[in-house]
Amino acid sequence: MEMKFTAKLSDKYYLSENRRFLLLKFELVEPNEIKFEAGQYLSIKISERGERRSYSIASTPDNTHGFSLLAEIVKGGLGSNYLLNLNPGEVVEVIGPLGKFVVNEKSDQATSNVNNKLFVATGSGIVPIWSMINDLLINKKTLVPIRLHWGMKREEDLFWVDNLERLSEAHPNFVYDIVLSRASDNWELCTGHVQDCLMRDFPNGELNNWEGYVCGSKEIVLDICAKLEELKMKKEDIYHEKFT
Ligand SMILES: Cc1cc2nc3c(=O)[nH]c(=O)nc-3n(C[C@H](O)[C@H](O)[C@H](O)COP(=O)(O)OP(=O)(O)OC[C@H]3O[C@@H](n4cnc5c(N)ncnc54)[C@H](O)[C@@H]3O)c2cc1C
């Protein structure tokens with residue numbers, strides 16, 4: 001159920017060398033417990049005039065006494081500046097949990113193959129998907145095949161790659177691909193748009209047994225959803241969240 005919370009910033013640090021992605025950890029003050037589903041977001045008050053911005057919860061639901069957010073720092077952005085200037089110990093006001101971009105639990109049985117899960121993220125759209133995948137693999141011990149395609153621009157934007165590698169080593173049912181649209185010549189993996197990589201990985205359009213979870217900026221999300229349908233994923237099996 002959606003509620004108003006106050007929370008204290010306990011830590012913050014950049015995830016990428018180019019200082020584009022900032023991770024912020026909060027401890028709840030009042031009320032001091034939150035129940036949410038992986039994939040949901042919070043609306044954070046960023047000014048006394050009452051302006052707000054939405055940020056997906058990066059942490060997993062087993063952490064009920066706090067949460068993490070990941071902000072892509074947009075130059076001159078109101079939310080970006082607010083979070084950049086926030087110091088440890090300072091208190092924020094959030095409303096949440098919000099949103100319906102969550103894993104379809106009804107089909108989450110290890111025996112059926114209709115529940116193969118394909119996650120497609122671009123940029124900071126990885127945040128809710130990160131929470132979902134960690135929750136599925138670590139907390140729910142899901143054995144169904146899980147694939148992630150994550151589109152970013154350049155090598156220097158990347159973060160969480162070591163964590164993804166560890167997750168895939170510990171969980172053979174999890175496979176991830178990072179796709180760079182502006183890769184340097186040294187990048188040996190997928191390049192172009194995530195849509196191109198999907199075409200490469202599923203050339204025969206065999207996604208009719210997969211559910212899709214797509215998150216990123218509005219235009220890209222719509223494009224990816226159309227591509228998934230082209231690859232035979234059923235429209236009703238595609239869930240998405242647009243960062244506007
Ligand atoms: C449900 C939901 C969940 C979200 N979760 C996250 C999240 O987990 N992490 C996250 O970083 N954001 C997330 N967003 C987006 C976030 O709410 C802000 O819109 C975004 O961070 C920019 O906010 P800002 O106040 O810093 O910039 P604004 O003051 O809103 O914008 C400043 C300028 O920057 C431009 N701009 C905005 N975003 C971008 C961008 N990505 N690239 C280039 N230019 C841009 C705007 O058009 C504007 O000109 C989410 C949005 C939604 C709707």
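Trainee: Which residues do ring pairs link into a cluster here?

Mentor: In this predicted model, ring pairs link F21, W130, W150, F159 and W160 into a cluster. Two rings count as a pair if their centres lie within 6.5 Å, and by this rule the count comes to 10 aromatic pairs.

Trainee: How are the rings of F26 and F67 placed, and why is the pair called stacked?

Mentor: The general idea is to look at the angle between the ring planes, since planes under 30 degrees apart count as stacked and planes over 60 as edge-to-face. The ring centres of F26 and F67 are 5.1 Å apart and their planes stand at 25°, so this pair is stacked. F26 belongs to strand β2 (residues 21-30) and F67 to strand β5 (residues 66-72), so the pair ties together parts that are 41 residues apart in sequence. Both F26 and F67 are buried.

Trainee: And what kind of pair do F202 and W210 make?

Mentor: Their ring centres lie 5.7 Å apart with the planes at 70°, so F202 and W210 form an edge-to-face pair.

Trainee: Are F202 and W210 buried or exposed?

Mentor: The cut-off to keep in mind is that buried means under 20% relative accessible area. F202 has a relative accessibility of 5% and therefore counts as buried, and W210, at 11%, counts as buried too. M152, which has its place in strand β8, can be read in this way as well, because its relative accessible area of 5% makes it buried. For a sense of distance, M152 and L69 are 83 residues apart in sequence, while their C-alpha atoms are 19 Å apart in space.

Trainee: How should I read a pocket, and what is the volume of the largest pocket?

Mentor: Rolling a probe the size of a water molecule over the atoms shows where empty space is left. In this model the largest pocket has a volume of about 490 Å³. It is lined by 19 residues, and R53, S54, Y55, F243 and T244 are the ones that lie nearest its centre.

Trainee: Which elements supply the lining of the largest pocket, and where does that pocket lie?

Mentor: At least two residues of the lining come from each of β4 (52-56), β5, α1 (78-85) and β11 (238-243), with β4 giving the largest share, four residues.

Trainee: What can be said of the second largest pocket?

Mentor: The second largest pocket has a volume of about 420 Å³. It is lined by 22 residues, of which T122, G123, G151, K153 and I220 are the closest to its centre. Two or more residues of that lining are given by β8 (146-152), by α4 (194-201) and by β10 (210-217). Its lining divides into six nonpolar, 11 polar and five charged residues. Domain 1 (3-98) and domain 2 (105-243) both contribute to the lining of the second largest pocket, so this pocket lies between them.

Trainee: Returning to β4, how many bridges join β3 to β4, and in which direction do these strands run?

Mentor: Pairing of strands is read from the bridges between them, and here five bridges join strand β3 (residues 41-45) to β4, the two running antiparallel. One of the contacts to look for is that of Y41, whose bridge partner in β4 is S56. β3 and β4 form a hairpin with six residues between them, and in the turn G50 has a positive phi of about 95°.

Notes. Residues are numbered from 1 along each chain as its sequence is written. This is a predicted model: local features need pLDDT of at least 70, side-chain atom pairs count only at pLDDT 80 or more; totals for chains, interfaces and linings use all residues. Side-chain values use heavy atoms; hydrogens and water are left out. Rings of Phe, Tyr and Trp (its six-membered ring) pair if their centres lie within 6.5 Å; planes under 30 degrees apart count as stacked, over 60 as edge-to-face and the rest as tilted. Buried means under 20% relative accessible area, exposed over 50%, partly exposed in between (1.4 Å probe, protein chains only). On a 1 Å grid over the protein atoms alone, a cavity is a set of points where a 1.4 Å probe fits but cannot get out, and a pocket is an open set with protein on both sides within 12 Å along at least five of seven lines; lining residues have an atom within 4 Å of a point. Grid points are joined across faces, edges and corners, and a volume is the space filled by probe spheres set on the points. Ala, Val, Leu, Ile, Met, Phe, Trp, Tyr, Cys and Pro count as nonpolar, Asp, Glu, Lys and Arg as charged, and the others, Gly among them, as polar. Domain bounds come from an automatic or database domain assignment. Two strands pair if DSSP finds at least two bridges between them.
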